Amino acid sequence: MSKFVFDDSLRLGITLIDEQHSRFIGYINDTWDALERGDSSAEFLPILNQLLDYVVEHFSCEEALMREHGYPGYRDHKERHNQTAAELFDFDLRLLVNDREESAAFLNFLTAWLRNHILVVDKELATFLRDKGIS
Ligand SMILES: [Fe+2]
Ligand SMILES: [Fe+2]
């Protein structure tokens, strides 16, 4: 699996958000690496949990930023986060830990979703924040 690279096309110009996206992508890549190495369930579980925890952390951080700055698209953006988190947590953790194909499907879903979300939904938020002089 080719690495998910945080390149300039994904950079939105808001330092906190860019740093978090870079870290988020790093955790996705760590999880791919663990899968490719064929880590045991006991080794794989904490890596997967790190990724899932970071999804929640990143979403709540962006939402706090939106509330702080009175972002008009808050409800819609938060709804998209909620929906995605629900879809991610719908994957059965036991299956993810024990079934390579299920884990690959999960990571492919998350990768495609994140790329699109950054380029469309987060980009709108970044434009709003930059217009307010935040960087
Ligand atoms: Fe984001
Ligand atoms: Fe977002």
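Q: What counts as a donor to a metal here?
A: Donors are N, O and S atoms within 2.8 Å of the metal (3.2 Å for Na, K and Ca), and water is not among the atoms, so sites may look incomplete. This is a predicted model, in which local features need pLDDT of at least 70 and side-chain atom pairs count only at pLDDT 80 or more. Residues are numbered from 1 along each chain, and side-chain values use heavy atoms.

Q: How far apart are the iron ion (ligand 2) and the iron ion (ligand 1), and which residue coordinates both?
A: They are 3.5 Å apart, and Glu 62 coordinates both.

Q: Which residues coordinate the iron ion (ligand 1)?
A: His 21 and His 58 (each through NE2), with Glu 62 (OE) and Asp 122 (OD), at 2.0 to 2.2 Å.

Q: How do I read the geometry of that site?
A: Four donors count as tetrahedral if all angles lie between 85 and 135 degrees; four count as square planar and six as octahedral if opposite donors are over 155 degrees apart and all others between 65 and 115; anything else is irregular. For the iron ion (ligand 1), the angles among the four donor atoms run from 84 to 175 degrees, and the site is irregular.

Q: What do Glu 62 and Asp 122 tie together?
A: Helices are DSSP runs (H or I, at least four residues), numbered from the N terminus. Glu 62 lies in helix 2 (residues 41-68) and Asp 122 in helix 5, so the pair ties together parts that are 60 residues apart in sequence.

Q: Are Glu 62 and Asp 122 buried or exposed?
A: Both are buried, meaning under 20% relative accessible area, with exposed being over 50% (1.4 Å probe, protein chains only) and partly exposed in between.

Q: Which residues coordinate the iron ion (ligand 2)?
A: Glu 62 (OE), His 77, His 81 and His 117 (each NE2) and Asp 122 (OD), at 2.1 to 2.2 Å.

Conventions
Chains are lettered from A and ligands numbered from 1 in the order in which they are written. Helices (H or I, at least four residues) and strands (E, at least two) are DSSP runs, numbered from the N terminus.
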